[in-house]
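Reader: Can you walk me through this one? Keep it quick, please.

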Amino acid sequence: MNSLAAILLVFAIGASAQNNVRIDLYYETLCPYSREYFVDQLYPTWMDPEFQGIMDVALYPFGNANYYARADGEGYIFTCQHGPDECAGNIIHACAQPIFNDIHIEMDFVNCLLSSSDTPAEAAPGCSALVGQDYTPIEACANSIDGENALVAVAHEQEKLDPTLAYVPWIVVDGVHNGAEQDICQLDMHACMCLTYQGTQPESCAGITFYDRITKQ
(Lines give C-alpha, C1' and ligand atoms only; values in the text may rest on other atoms or scores of the structure.)
Protein backbone atom coordinates (compact mmCIF):
# COMPACT_ATOMS: atom_id res chain seq x y z
CA MET A 1 0.00 0.00 0.00
CA ASN A 2 1.47 3.39 -0.94
CA SER A 3 1.70 6.25 1.57
CA LEU A 4 -1.27 8.21 0.17
CA ALA A 5 -3.51 5.13 0.27
CA ALA A 6 -2.42 4.48 3.85
CA ILE A 7 -3.33 8.02 4.90
CA LEU A 8 -6.73 7.82 3.21
CA LEU A 9 -7.38 4.48 4.94
CA VAL A 10 -6.60 6.07 8.30
CA PHE A 11 -9.22 8.75 7.65
CA ALA A 12 -11.77 6.23 6.40
CA ILE A 13 -11.37 4.14 9.57
CA GLY A 14 -11.69 7.23 11.76
CA ALA A 15 -14.70 8.68 9.94
CA SER A 16 -17.90 9.11 11.91
CA ALA A 17 -21.13 7.42 10.88
CA GLN A 18 -22.61 10.91 11.13
CA ASN A 19 -21.75 13.44 8.45
CA ASN A 20 -20.42 16.08 10.84
CA VAL A 21 -16.73 15.82 11.64
CA ARG A 22 -16.01 16.08 15.36
CA ILE A 23 -12.73 17.65 16.46
CA ASP A 24 -11.71 17.34 20.11
CA LEU A 25 -8.74 19.59 20.87
CA TYR A 26 -6.64 19.13 24.00
CA TYR A 27 -4.32 22.10 24.44
CA GLU A 28 -2.51 24.53 26.71
CA THR A 29 -3.18 28.25 26.66
CA LEU A 30 0.47 29.33 26.45
CA CYS A 31 1.84 26.44 24.39
CA PRO A 32 3.13 27.99 21.14
CA TYR A 33 2.16 24.90 19.13
CA SER A 34 -1.36 24.88 20.58
CA ARG A 35 -1.76 28.56 19.85
CA GLU A 36 -0.42 28.23 16.31
CA TYR A 37 -2.72 25.31 15.51
CA PHE A 38 -5.81 27.01 16.92
CA VAL A 39 -5.20 30.46 15.42
CA ASP A 40 -3.77 29.42 12.04
CA GLN A 41 -5.61 26.16 11.33
CA LEU A 42 -8.58 25.25 13.49
CA TYR A 43 -10.25 28.63 13.86
CA PRO A 44 -9.99 29.70 10.19
CA THR A 45 -11.39 26.33 9.11
CA TRP A 46 -14.19 26.64 11.65
CA MET A 47 -15.00 30.10 10.28
CA ASP A 48 -14.94 28.96 6.65
CA PRO A 49 -18.55 29.13 5.37
CA GLU A 50 -18.01 25.85 3.51
CA PHE A 51 -17.44 24.00 6.78
CA GLN A 52 -20.01 25.73 8.97
CA GLY A 53 -22.64 23.22 9.94
CA ILE A 54 -20.52 20.15 9.19
CA MET A 55 -17.87 20.59 11.88
CA ASP A 56 -18.30 20.03 15.63
CA VAL A 57 -15.56 21.19 18.01
CA ALA A 58 -14.91 20.59 21.72
CA LEU A 59 -12.05 22.26 23.61
CA TYR A 60 -10.14 20.87 26.59
CA PRO A 61 -7.65 23.35 28.10
CA PHE A 62 -5.34 21.21 30.27
CA GLY A 63 -2.58 19.35 28.43
CA ASN A 64 0.58 18.58 30.41
CA ALA A 65 -0.62 20.25 33.59
CA ASN A 66 -0.91 18.52 36.96
CA TYR A 67 -3.32 18.98 39.84
CA TYR A 68 -3.13 18.23 43.54
CA ALA A 69 -5.92 18.33 46.11
CA ARG A 70 -5.38 20.93 48.82
CA ALA A 71 -4.60 19.56 52.27
CA ASP A 72 -7.90 20.88 53.65
CA GLY A 73 -9.82 19.11 50.89
CA GLU A 74 -11.07 22.40 49.44
CA GLY A 75 -10.04 22.93 45.84
CA TYR A 76 -6.84 22.14 43.96
CA ILE A 77 -3.33 23.40 43.25
CA PHE A 78 -2.05 23.27 39.66
CA THR A 79 1.32 23.19 37.96
CA CYS A 80 1.51 23.92 34.24
CA GLN A 81 4.14 23.40 31.58
CA HIS A 82 4.40 27.12 30.84
CA GLY A 83 3.99 28.41 34.37
CA PRO A 84 1.32 30.06 36.54
CA ASP A 85 0.03 32.34 33.78
CA GLU A 86 -0.86 29.25 31.77
CA CYS A 87 -2.66 27.71 34.74
CA ALA A 88 -4.65 30.93 35.08
CA GLY A 89 -5.43 30.85 31.36
CA ASN A 90 -6.55 27.23 31.47
CA ILE A 91 -8.88 28.04 34.36
CA ILE A 92 -10.32 31.06 32.52
CA HIS A 93 -11.07 28.84 29.52
CA ALA A 94 -12.61 26.16 31.73
CA CYS A 95 -14.81 28.74 33.47
CA ALA A 96 -15.92 30.40 30.24
CA GLN A 97 -17.21 27.20 28.63
CA PRO A 98 -20.30 26.63 30.82
CA ILE A 99 -20.93 30.35 31.23
CA PHE A 100 -21.05 30.93 27.47
CA ASN A 101 -22.67 27.55 26.76
CA ASP A 102 -22.25 28.38 23.07
CA ILE A 103 -19.40 26.93 21.02
CA HIS A 104 -19.52 29.83 18.55
CA ILE A 105 -18.92 32.40 21.29
CA GLU A 106 -16.36 30.11 22.92
CA MET A 107 -14.38 29.71 19.69
CA ASP A 108 -14.30 33.49 19.12
CA PHE A 109 -13.25 34.09 22.75
CA VAL A 110 -10.49 31.47 22.69
CA ASN A 111 -9.20 32.75 19.35
CA CYS A 112 -8.95 36.23 20.84
CA LEU A 113 -7.10 34.95 23.90
CA LEU A 114 -4.67 32.76 21.97
CA SER A 115 -3.99 35.51 19.44
CA SER A 116 -3.06 38.02 22.14
CA SER A 117 0.50 38.87 23.19
CA ASP A 118 -0.86 39.58 26.69
CA THR A 119 -1.26 36.90 29.33
CA PRO A 120 -4.67 35.18 29.26
CA ALA A 121 -5.70 36.98 32.45
CA GLU A 122 -4.78 40.34 30.91
CA ALA A 123 -6.48 39.60 27.60
CA ALA A 124 -9.64 37.98 28.94
CA PRO A 125 -11.67 41.11 29.84
CA GLY A 126 -11.18 42.63 26.39
CA CYS A 127 -11.84 39.32 24.67
CA SER A 128 -15.08 38.94 26.62
CA ALA A 129 -16.16 42.39 25.52
CA LEU A 130 -15.21 41.54 21.93
CA VAL A 131 -17.61 38.60 21.91
CA GLY A 132 -20.35 40.59 23.68
CA GLN A 133 -20.08 38.85 27.04
CA ASP A 134 -19.75 40.12 30.61
CA TYR A 135 -16.40 39.09 32.08
CA THR A 136 -17.57 39.44 35.70
CA PRO A 137 -18.89 35.87 36.17
CA ILE A 138 -15.85 34.37 34.40
CA GLU A 139 -13.49 36.36 36.63
CA ALA A 140 -15.41 35.35 39.75
CA CYS A 141 -15.21 31.69 38.72
CA ALA A 142 -11.52 31.89 37.80
CA ASN A 143 -10.63 33.36 41.20
CA SER A 144 -12.53 30.79 43.23
CA ILE A 145 -12.71 27.09 44.01
CA ASP A 146 -15.32 26.90 41.27
CA GLY A 147 -12.59 27.61 38.73
CA GLU A 148 -10.30 25.01 40.24
CA ASN A 149 -13.08 22.44 40.12
CA ALA A 150 -13.89 23.39 36.52
CA LEU A 151 -10.32 22.78 35.41
CA VAL A 152 -10.13 19.46 37.26
CA ALA A 153 -13.31 18.42 35.43
CA VAL A 154 -11.47 19.13 32.16
CA ALA A 155 -8.52 17.08 33.42
CA HIS A 156 -10.84 14.17 34.19
CA GLU A 157 -12.13 14.25 30.62
CA GLN A 158 -8.57 14.28 29.31
CA GLU A 159 -7.72 11.29 31.53
CA LYS A 160 -10.26 9.23 29.57
CA LEU A 161 -8.16 9.50 26.39
CA ASP A 162 -6.96 6.27 24.81
CA PRO A 163 -4.18 6.53 23.79
CA THR A 164 -3.07 8.82 26.61
CA LEU A 165 -2.15 12.38 25.69
CA ALA A 166 1.58 12.60 24.93
CA TYR A 167 1.91 16.19 23.68
CA VAL A 168 -0.14 19.24 22.75
CA PRO A 169 -1.97 20.11 20.69
CA TRP A 170 -3.58 16.66 20.85
CA ILE A 171 -6.16 16.38 18.07
CA VAL A 172 -8.87 13.72 18.13
CA VAL A 173 -10.92 13.31 14.94
CA ASP A 174 -14.27 11.53 15.24
CA GLY A 175 -13.17 9.91 18.49
CA VAL A 176 -9.86 8.62 17.13
CA HIS A 177 -6.30 9.88 17.59
CA ASN A 178 -3.36 8.67 15.55
CA GLY A 179 -0.16 10.17 14.25
CA ALA A 180 -1.17 10.37 10.59
CA GLU A 181 -4.34 12.34 11.31
CA GLN A 182 -2.53 14.53 13.82
CA ASP A 183 0.15 15.48 11.31
CA ILE A 184 -2.30 16.29 8.53
CA CYS A 185 -4.75 18.22 10.70
CA GLN A 186 -2.02 20.21 12.41
CA LEU A 187 -0.41 21.19 9.11
CA ASP A 188 -3.59 21.73 7.06
CA MET A 189 -6.96 21.62 8.81
CA HIS A 190 -8.77 22.26 5.54
CA ALA A 191 -7.25 19.08 4.07
CA CYS A 192 -8.09 17.23 7.28
CA MET A 193 -11.74 18.17 6.89
CA CYS A 194 -11.80 17.29 3.18
CA LEU A 195 -10.33 13.85 3.86
CA THR A 196 -12.61 13.12 6.81
CA TYR A 197 -16.02 14.53 5.86
CA GLN A 198 -18.29 11.79 4.51
CA GLY A 199 -21.06 14.00 3.13
CA THR A 200 -21.15 16.04 -0.08
CA GLN A 201 -17.71 17.58 -0.40
CA PRO A 202 -17.37 21.37 -0.27
CA GLU A 203 -16.31 22.85 -3.59
CA SER A 204 -12.86 23.76 -2.30
CA CYS A 205 -12.17 20.06 -1.61
CA ALA A 206 -12.82 18.95 -5.19
CA GLY A 207 -9.73 17.70 -7.00
CA ILE A 208 -7.32 18.97 -4.38
CA THR A 209 -5.21 16.42 -2.52
CA PHE A 210 -3.34 17.01 0.69
CA TYR A 211 -0.08 16.93 -1.27
CA ASP A 212 -1.36 19.54 -3.72
CA ARG A 213 -2.13 21.86 -0.84
CA ILE A 214 1.13 21.52 1.08
CA THR A 215 3.24 22.07 -2.03
CA LYS A 216 1.48 25.42 -2.52
CA GLN A 217 2.30 26.63 0.99
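Author: Start with F38, which counts as buried because its relative accessibility is 0%. Buried means under 20% relative accessible area, exposed over 50%, and partly exposed in between, with a 1.4 Å probe and protein chains only.

Reader: What should I know about the model and the numbering?

Author: This is a predicted model: local features need pLDDT of at least 70, side-chain atom pairs count only at pLDDT 80 or more, and totals for chains, interfaces and linings use all residues. Residues are numbered from 1 along each chain as its sequence is written, and side-chain values use heavy atoms, with hydrogens and water left out.

Reader: Is Y43 buried or exposed?

Author: Y43 is buried, at a relative accessible area of 14%.

Reader: How many aromatic pairs are there?

Author: The count comes to six aromatic pairs. Rings of Phe, Tyr and Trp (its six-membered ring) pair if their centres lie within 6.5 Å; planes under 30 degrees apart are stacked, over 60 edge-to-face, the rest tilted.

Reader: Why is the pair Y26 and Y60 called stacked?

Author: The ring centres of Y26 and Y60 are 4.4 Å apart and the planes are at 10 degrees, so the pair is stacked. Y26 sits in strand 1 (residues 21-27) and Y60 in strand 2 (residues 55-61), so the pair ties together parts 34 residues apart in sequence. Strands (E, at least two residues) and helices (H or I, at least four) are DSSP runs, numbered from the N terminus. Both Y26 and Y60 are buried.

Reader: And what about F38 with Y43?

Author: F38 and Y43 form a stacked aromatic pair, 6.1 Å centre to centre with 20 degrees between the planes. There is also an aromatic cluster of F62, Y67 and Y76.

Reader: Switching to helices. Which residues of helix 9 are buried?

Author: In helix 9, M189, H190, A191, C192, M193, C194 and T196 are buried. That is seven of the eight residues of helix 9 (residues 189-196).

Reader: What happens at the start of helix 9?

Author: A side-chain oxygen of D188 comes to within 3.1 Å of the backbone nitrogen of H190 there.

Reader: And at the start of helix 8, what does N178 reach?

Author: A side-chain oxygen of N178 reaches to within 3.3 Å of the backbone nitrogen of A180. The buried residues of helix 8 (residues 179-187) are E181, Q182, I184 and C185.

Note on methods: Polar contact = N/O pair within 3.5 Å; in protein donor to acceptor, adjacent residues only side chain to side chain.
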